[in-house]
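This briefing covers salt bridges. Keep the sequence and the model in view while reading.

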Amino acid sequence: MSLSRKRKKELHKLQKSAGKLWEAQQVVLAGASNVAREAGRQLGHLNREQVAPVIDDKYHQYLEPVVDRVSPYVDSSRKASKHFLDHTVVPVVGGAVGKALSAIDAANEAGMQFATKRKPEPKKKSSAGPIIALVLGIAAAGAVLYAAWQTLRADDELWVADDPLASPDA
């Protein structure tokens, strides 16, 4: 099938505008990647400097005396929980975040190569592995945060009243 000159010119213009759009998207993605990386770094600093000391202080002030009185088995369960978090959850979440950042870097590199060559390359099949790992990492982090929240929240319904409730007259 042959195309008319007019259609060929229109297709050529469309191809040029698509190339310009792709370059602009790669620049934006590179900027977003840098901002996300710096935000993660700043969040880590904030956590170490502000959040962790307050949580540690409140834990030692309020929970540790109660936990030490409750059961002699608490220490072993605390050690088991810490071991689980340090050896299972943290490596999985770290790996997922690392894979996501490497996927973003690979996309940036591919975009820069595309922008410099200016000719389309055959598409490669993309893998869903990094995306699945990222989703699982976020879900694991959410589950850990939810469990910590459930453990540390104040629940007034758990306290037993000293006086028995009066039964209603029938």
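**Salt bridges in the predicted model**

Arg-7 is partly exposed, with a relative accessibility of 44%. The model is predicted. Arg-7 pairs with Glu-10 in a salt bridge. A search of the whole structure finds 3 salt bridges.

**Arg-7 and Glu-10**
- The N to O distance between these two side chains is 2.8 Å.
- Arg-7 and Glu-10 both lie in helix H1, which spans residues 5-70.
- They sit 3 residues apart, so about one helical turn separates them.
- Glu-10 is partly exposed, at 37% relative accessible area.

**Arg-41 and Glu-38**
- A salt bridge joins the side chains of Arg-41 and Glu-38, at 2.5 Å from N to O.
- Helix H1 holds both residues.
- Because Arg-41 and Glu-38 are 3 residues apart in this helix, about one helical turn lies between them.
- Arg-41 has 41% relative accessibility and counts as partly exposed.
- Glu-38 is also partly exposed, at 32%.

**Asp-105 and Arg-37**
- Asp-105 and Arg-37 form a salt bridge, and their closest N and O atoms are 2.9 Å apart.
- Asp-105 is partly exposed, at 34% relative accessibility.
- Arg-37 is partly exposed too, at 27% relative accessibility.

Terms used
Residues numbered from 1 in each chain as written. Predicted model: local features only at pLDDT ≥ 70, side-chain atom pairs only at ≥ 80, totals over all residues. Heavy atoms only, no water. Salt bridge = Lys/Arg side-chain N within 4 Å of Asp/Glu carboxyl O. Helix = DSSP H or I, 4+ residues; strand = E, 2+ residues; numbered from the N terminus. Buried < 20%, exposed > 50% of the residue type's maximum accessible area, 1.4 Å probe, protein only.
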